[in-house]
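This briefing goes through helix packing, a few individual side chains and some backbone angles. Please keep the sequence and the coordinates at hand while reading.

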Amino acid sequence: MKNPNISKALKAYRKLNHYSVSDIVVKLAENHLSVAEKTIYGWECGRTQPDADTLLILCKIYKIDNILETFGYNEASDDLCLSKEERDLIFKYRRYPDMQPAVKKLLNVK
């Protein structure tokens with residue numbers, strides 16, 4: 001059964017990392033995987049999915065640390081794709097509740 005979150009996440013993380021599809025072809029080749037651009041487009045639109053080994057290499061390229069959450073296998077998952085830096089900011093925000101009012105004021109959040 002296909003997981004629709006995989007295609008969404010692959011496309012979002014490619015863009016988040018400022019990679020073109022051509023860049024991914026090159027990066028996969030560096031990992032000894034020969035993949036055509038149309039294959040990557042197929043993964044990103046959900047027609048097909050990469051095999052598990054290729055998916056793990058893509059996660060490494062895209063710097064995806066929490067694979068289960070990213071692809072919707074945890075309850076905490078949503079459609080939001082966060083970078084490691086963004087996740088770190090959120091965790092630090094939660095860790096320092098006394099600083100939250102200042103952060104909200106700085107960001108003009110009510």
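## Briefing on the predicted model

The structure holds zero disulfides.

**Cysteines**

- Cys-45 has a relative accessibility of 46% and therefore counts as partly exposed, a class that lies between the limits of 20% and 50%.
- Cys-59, with a relative accessible area of 2%, is buried.

**Packing of α1 with α4**

- Two packed helices are described by the angle between their axes and by the distance between those axes.
- For helix α1, which covers residues 4-16, and helix α4, which covers residues 52-62, the packing angle is about 30° and the axes are 10 Å apart.
- Angles under 35 degrees count as roughly parallel, and α1 and α4 are therefore roughly parallel to each other.
- The crossing in which α1 passes α4 is left-handed.
- On the α1 side the contact involves Ile-6, Leu-10, Tyr-13 and Arg-14, which meet Leu-55, Leu-58 and Tyr-62 on the α4 side.
- Sorted by class, the residues of this contact between α1 and α4 comprise six nonpolar, no polar and one charged.

**Packing of α2 with α3**

- Helix α2 (residues 21-30) packs with helix α3 (residues 37-45) at an angle of about 110°, and their axes are 9 Å apart.
- Because angles of 65 to 115 degrees count as roughly perpendicular, α2 is roughly perpendicular to α3.
- The α2 residues that make the contact are Val-21, Ser-22, Ile-24, Val-25 and Leu-28, while α3 brings Glu-37, Ile-40, Tyr-41 and Trp-43 to the contact.
- The contact of α2 with α3 divides by class into seven nonpolar, one polar and one charged residues.

**Two buried helix residues**

- Thr-54 is found in helix α4, and at 6% relative accessibility this threonine counts as buried, since the limit for that class is under 20%.
- When residues up to four places away in sequence are not counted, Thr-54 touches Leu-33 and Trp-43, and Trp-43 is also one of the α3 residues in the contact of α2 with α3.
- Arg-87 lies in helix α6, which spans residues 84-95, and its relative accessibility of 14% places Arg-87 in the buried class.
- Leaving out residues up to four places away in sequence, Arg-87 touches Tyr-13, Asp-65 and Leu-82, and Tyr-13 is one of the α1 residues that meet α4.
- Arg-87 and Asn-74 are 13 residues apart along the chain, and their C-alpha atoms are separated by 16 Å.

**Positive phi values outside glycine**

- His-32, found in the loop between α2 and α3, has a phi near 65°, which is a positive value in a residue other than glycine.
- The relative accessible area of His-32 is 75%, so this histidine is exposed, the limit for that class being over 50%.
- Asn-108, in the segment after α7 (100-107), likewise is a residue other than glycine with a positive phi, here near 60°.
- With a relative accessible area of 64%, Asn-108 is exposed.

Key. Residues are numbered from 1 along each chain as its sequence is written. This is a predicted model: local features need pLDDT of at least 70, side-chain atom pairs count only at pLDDT 80 or more; totals for chains, interfaces and linings use all residues. Side-chain values use heavy atoms; hydrogens and water are left out. Axes are lines fitted to C-alpha atoms, for helices over the stretch in contact, and angles run from 0 to 180 degrees between N-to-C directions. Helices (H or I, at least four residues) and strands (E, at least two) are DSSP runs, numbered from the N terminus. Angles under 35 degrees count as roughly parallel, over 145 as roughly antiparallel, 65 to 115 as roughly perpendicular and the rest as oblique. A crossing is left-handed if the near helix is turned anticlockwise from the far one by less than a right angle, and right-handed if clockwise. Contact means heavy atoms within 4.5 Å. Ala, Val, Leu, Ile, Met, Phe, Trp, Tyr, Cys and Pro count as nonpolar, Asp, Glu, Lys and Arg as charged, and the others, Gly among them, as polar. Buried means under 20% relative accessible area, exposed over 50%, partly exposed in between (1.4 Å probe, protein chains only). A disulfide is a pair of cysteine sulfur atoms within 2.5 Å.
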